[in-house]
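Please look through the sequence and the fold shown here. The questions and answers below go through them in turn.

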Amino acid sequence: MDVREEGALSNVTIRKKAEENVIVIPVKGVFIAIGLQSDSFPVVHLVDTNNKGEIVINPDCSTSFPGIFAAGDVTNAFGKRIVIACGEGAKAVLAARQHILNMKKKKEVTA
Ligand SMILES: Cc1cc2nc3c(=O)[nH]c(=O)nc-3n(C[C@H](O)[C@H](O)[C@H](O)COP(=O)(O)OP(=O)(O)OC[C@H]3O[C@@H](n4cnc5c(N)ncnc54)[C@H](O)[C@@H]3O)c2cc1C
């Protein structure tokens with residue numbers, strides 16, 4: 001992408017990496033997004049992550065470390081959207097609650 005300024009921003013020139021031809025789009029403003037990077041570093045030594053640094057989760061939001069659950073953009077769940085992050089968060093809470101109940105049951109059996 002090439003941003004041309006002649007007194008004021010007037011257009012951007014875009015060339016797709018795989019193509020030769022360029023497109024000039026007249027614009028009055030530009031918002032540059034630099035992409036997503038997952039902030040999984042606090043738990044990266046505990047749970048499995050993929051090559052994008054996303055925490056790998058199971059369908060119930062559990063991770064490779066029993067008792068650690070993850071939800072939202074930091075995971076490998078499909079779709080980086082608010083509604084998905086909220087739904088995944090609800091799922092993670094339910095699964096964490098179930099995990100605690102299961103642990104309590106196990107303790108009662110062994111006591
Ligand atoms: C520019 C932009 C526009 C978007 N527009 C839309 C839209 O229109 N509709 C839509 O559905 N989605 C949109 N999204 C995506 C949406 O914002 C995310 O999918 C959603 O916010 C994910 O929620 P989350 O709770 O997983 O992560 P986040 O909302 O990113 O929350 C993570 C929080 O954890 C905090 N955090 C990170 N590391 C640490 C740490 N080590 N210790 C403590 N706290 C930490 C961060 O500061 C942040 O507050 C947009 C995203 C961007 C970047």
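**Contacts, core and overall form**

Q: Leaving aside its neighbours within four places in sequence, which residues is Cys61 in contact with?
A: Two residues are in contact if their C-beta atoms, placed from the backbone, lie within 7 Å. With neighbours within four places in sequence left aside, the contacts of Cys61 are Phe69, Ala70, Ala71, Glu88, Lys91, Ala92 and Ala95.

Q: What kind of model is this, and how are its residues numbered?
A: This is a predicted model, in which local features need pLDDT of at least 70, side-chain atom pairs count only at pLDDT 80 or more, and totals for chains, interfaces and linings use all residues. Residues are numbered along each chain as its sequence is written, starting from 1.

Q: Is Cys61 buried or exposed?
A: A residue is buried if 20 or more other C-beta atoms lie within 10 Å of its own, exposed if 12 or fewer, and partly exposed in between, with C-beta atoms placed from the backbone. Cys61 has 23 other C-beta atoms within 10 Å, so Cys61 is buried.

Q: Where is Cys61 found among the helices and strands?
A: Helices (H or I, at least four residues) and strands (E, at least two) are DSSP runs, numbered from the N terminus. The elements run β-β-β-α from the N terminus on. Cys61 lies in the loop between strand E3 (22-26) and helix H1 (82-110).

Q: Which residues make up the largest nonpolar core?
A: A nonpolar core is a set of buried Ala, Val, Leu, Ile, Met, Phe, Trp, Tyr and Cys residues joined through C-beta atoms within 7 Å. The largest has 9 residues in all: Ile55, Ile57, Cys61, Phe69, Ala70, Ala71, Val74, Ala77 and Ala92.

Q: What radius of gyration does the protein have?
A: The radius is taken over C-alpha atoms, and the globule rule is 2.2 Å times the number of residues to the power 0.38. The C-alpha atoms fill a box of roughly 80 × 25 × 20 Å along the principal axes. A compact globule of 111 residues would have a radius of gyration near 13 Å, whereas the protein has 22 Å.

Q: How many Å separate the centres of domain 1 and domain 2?
A: The bounds come from an automatic or database domain assignment. Domain 1 covers 1-32 and domain 2 covers 38-111. Taken over C-alpha atoms, the separation of their centres is 41 Å.
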